[in-house]
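Below are a few notes to read alongside the structure, arranged as numbered points.

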Amino acid sequence: MQPFQLPEFYTPYPARLNPNLERARVHTRAWAHEMDMIDVPQHGTVIWTGDDLESHDYALLCAYTHPDCDGETLDLITDWYVWVFYFDDHFVELYKRNPDVKGAQAYLDRLPLFMPVNGVITEKPTNPVEKGLADLWRRTVPSHSLDWRERFADNTKHLLDESMWELHNISAKRLSNPVEYIEMRRKVGGAPWSANLVEHAVGLEVPARIALSRPIGVLRDTFSDAVHLRNDLFSYEREVLDEGELSNGVLVFEKFLDLPTQEAAEAVNDLLTSRLHQFEHTALTEVPMLLDEHAVDPVGRAAVLGYTKGLQDWQAGGHEWHLRSSRYMNKAAPKPELGMSALLSSYARTMPQRLRQFSSTPKIVEPYARPALEVPFTLTLSPHLDQVREEIVGWAREMGILSEGLWDEHKLRTFDLPLCSAGLDPDATPSELFNSGAWLAWGTYADDMYPWVFGRLRDLAGLKAQTMRLKQCMPLDLVPVIVPANATERGLADLWPRTAGPMSAEYRKTFRETVDVMLDAWVWEVINMMENRIPDPVDYLEMRRTTFGSELTMSLSRFSHSGTVPAEIWGTRVIQTMERSAMDYCCMMNDVFSYLKEIQYEGEVHNMVRVVENFLGVPQARAFEITYKLMDARLGQFVRSVDVDLPKLFEDLSLDGATRAALTRYAGELKDWIAGILNWHNETSRYWEHEVRTPPNAGAFSRGPSGLGTSAYRLTSRTSS
């Protein structure tokens with residue numbers, strides 16, 4: 001008996017079959033034998049028999065997911081999928097069933113030798129996985145640009161390396177939390193890798209200058225999440241009940257939300273649908289603007305459109321294959337409808353969920369008691385706090401922050417942003433603490449200004465113009481480009497040379513990109529306000545790290561260690577987990593403190609509690625419970641990454657003493673970061689009801705020419721009460 005009934009899936013795209021299917025079946029059967037994948041024992045275990053390969057029918061998968069490519073391309077893509085599924089089963093049988101962490105790491109360490117971004121393969125394969133990878137790499141990468149090769153190599157390496165994350169979880173009998181699971185599943189599950197192969201099948205590459213942009217990243221990530229969540233639903237029986245696997249979304253939801261298996265499956269399917277809705281929304285609203293803003297030429301536009309259509313084809317074909325493959329639980333799957341009726345039925349069935357996302361209305365917040373939040377870190381405050389408090393008031397007055405009608409001196413003083421800086425960096429010099437406090441004051445002011453000026457007035461042109469001007473306030477050569485026209489521009493133009501001046505050219509460029517991304521994230525928030533759109537939970541949490549300013553403040557902390565810590569260390573799973581879990585805890589902390597202010601008084605849509613309410617359809621009290629549980633999970637994950645994973649990283653990478661000391665200090669700084677932010681939230685007036693009851697008077701803001709040929713905002717000098 002199946003553990004649950006498969007839900008009704010959102011299937012908006014029709015599945016089509018490549019006419020070269022039979023050719024691919026014949027070719028890949030011969031190729032798998034040639035690579036020693038069939039009936040050849042591995043450490044005494046036969047991974048696949050010929051019958052296994054036939055019943056899995058990977059040629060059918062590829063013919064459905066790549067319906068328009070020619071026969072030769074389909075042969076190659078099918079071989080890639082045979083290889084990746086063989087690798088997965090090979091890894092399970094040799095290293096997962098009887099966990100062998102040391103052997104698994106040695107096995108994975110050899111695989112990059114068979115996928116050089118430049119040059120030729122010189123190592124001799126010792127098993128079918130290495131032999132297959134070497135063959136496929138030689139047949140695939142010569143036709144591609146360096147940018148594509150680097151992206152494909154990175155995604156292939158993630159796919160292989162993050163299998164260790166699954167193995168460590170099995171060895172420790174550890175079930176991940178939902179946030180961690182979605183994030184890591186993208187790497188383990190291989191869908192970003194599949195997205196690279198979509199480019200190969202289309203025969204055009206996404207232009208390098210937009211390949212790492214948010215809209216293209218969202219297309220890739222929503223595609224990945226939908227592919228993986230769909231696979232989790234179909235593979236639950238095999239993975240969880242047969243293999244003892246812990247990396248399955250249904251199991252994660254079942255345990256974390258304390259749901260029966262059937263309800264957990266329905267919740268996973270709702271998230272799958274939400275991710276597909278996000279894919280469609282991004283493709284139709286964000287991608288066209290991206291192409292225009294970057295003046296992408298017709299060939300580049302064709303590549304992006306072909307890529308988008310290819311990802312849609314993959315979703316439709318992947319679903320059809322899951323319904324047919326013997327690899328999965330599909331005997332009692334809902335029978336698919338055909339033709340236009342299927343399309344209309346799928347849209348109609350999920351329309352309430354789609355409409356709910358665009359139906360946010362301000363509400364009276366039910367009374368709620370916020371529990372006292374505690375963290376296992378000691379708060380320390382800088383002795384220079386009082387001095388910097390006065391300096392920040394003077395600086396804000398000089399920049400014009402107190403004369404535009406949004407903030408007055410009372411607000412600035414009672415918000416007490418220097419208190420936050422004093423906790424974030426208790427060892428800072430007076431000048432360093434001032435710089436930190438000024439960044440927080442500028443960022444908080446700008447974050448208030450964006451929705452109030454552009455969101456309230458629904459001024460998309462002004463929003464885009466202001467964002468472009470702010471980016472111009474950060475010249476990489478430190479030579480001013482524009483004359484600042486308002487407080488937000490003056491503040492950034494003043495902070496930029498103070499902060500970026502001491503940086504190397506390379507790090508200055510990285511820091512500039514970090515601020516650019518934050519500005520773009522504020523644009524994303526305002527556009528959501530204009531559309532009355534509540535983000536889906538995954539998109540919200542990932543963007544919240546940026547809109548909250550987490551990445552900006554952490555990048556400044558990283559800079560202090562940039563001369564000691566090799567750049568590639570910052571990209572490791574352990575360091576990223578440390579950072580992101582800390583970010584998520586503090587972002588959700590901010591959301592529970594600001595819920596009344598944002599939801600009742602501002603009509604805000606960007607709040608984790610509100611997002612959970614909307615997505616799961618649960619009452620406010622339950623949404624708070626889930627948010628607190630997510631906070632606890634992310635805080636626990638941060639502690640584990642520092643106490644357990646970081647020392648292991650030192651040993652695994654044989655890091656020298658100086659690097660170990662620098663990363664240990666950085667972990668301590670993240671502890672200060674969490675403790676300082678919590679202390680500030682407990683003390684600031686920013687979220688007190690009597691402070692937020694009366695927003696700035698709408699009459700204090702007016703539209704008018706700035707004299708700069710843009711629609712940048714102009715505020716009157718009236719001071720808000």
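**Notes on the predicted model**

1. Let me begin with the core. The largest nonpolar core holds 223 residues, and the members that touch the most others are Trp 80, Tyr 81, Trp 83, Trp 442, Tyr 450 and Ile 674. Please keep in mind that this is a predicted model.

2. Setting aside neighbours within four places in sequence, Tyr 81 contacts Leu 61, Cys 62, His 66, Trp 193, Ser 194, Leu 197 and Trp 314.

3. Next comes helix H4, which covers residues 71–96. From first C-alpha to last, its 26 residues reach 36 Å, close to the 38 Å expected at 1.5 Å a residue. H4 is mostly covered, with 23 of the 26 residues buried.

4. On to the aromatic rings. The whole structure contains 38 aromatic pairs. In one of them, Trp 442 and Trp 522 have ring centres 5.8 Å apart and planes at 45 degrees, so this pair is tilted. The two residues are 80 apart in the chain, with Trp 442 in helix H20 (residues 430–457) and Trp 522 in helix H23 (residues 505–531). Both Trp 442 and Trp 522 are buried.

5. A second pair also involves H23. The ring centres of Trp 496 and Phe 511 are 5.9 Å apart and their planes meet at 5 degrees, so the pair is stacked. Here Trp 496 belongs to helix H22 (residues 487–500) and Phe 511 to H23, 15 residues apart. Trp 496 is buried because its relative accessible area, 1%, is under 20%. Phe 511 is buried too, at 0%.

6. Arg 370 lies over the face of Phe 593, 3.8 Å from the ring centre. Over the ring of Phe 256 sits the charged end of Lys 629, at 4.8 Å from the centre.

7. Finally, which backbone angles might you check? Most residues other than glycine have a negative phi. Asp 39, which is not a glycine, has a positive phi of about 60 degrees. Asp 39 sits in the loop between helix H1 (21–34) and strand S1 (41–42), and is partly exposed at 46% relative accessibility. His 43, not a glycine either, has a positive phi of about 55 degrees. This residue is in the loop between S1 and strand S2 (45–46). His 43 counts as exposed because its relative accessible area of 71% is over 50%.

How values were computed:
Residues are numbered from 1 along each chain as its sequence is written. This is a predicted model: local features need pLDDT of at least 70, side-chain atom pairs count only at pLDDT 80 or more; totals for chains, interfaces and linings use all residues. Side-chain values use heavy atoms; hydrogens and water are left out. Rings of Phe, Tyr and Trp (its six-membered ring) pair if their centres lie within 6.5 Å; planes under 30 degrees apart count as stacked, over 60 as edge-to-face and the rest as tilted. Helices (H or I, at least four residues) and strands (E, at least two) are DSSP runs, numbered from the N terminus. Buried means under 20% relative accessible area, exposed over 50%, partly exposed in between (1.4 Å probe, protein chains only). A charge sits over a ring if NZ of Lys or CZ of Arg is within 6 Å of the ring centre and within 35 degrees of the ring normal. A nonpolar core is a set of buried Ala, Val, Leu, Ile, Met, Phe, Trp, Tyr and Cys residues joined through side-chain atoms within 4.5 Å. Contact means heavy atoms within 4.5 Å. The expected span of a helix is 1.5 Å times one less than its number of residues.
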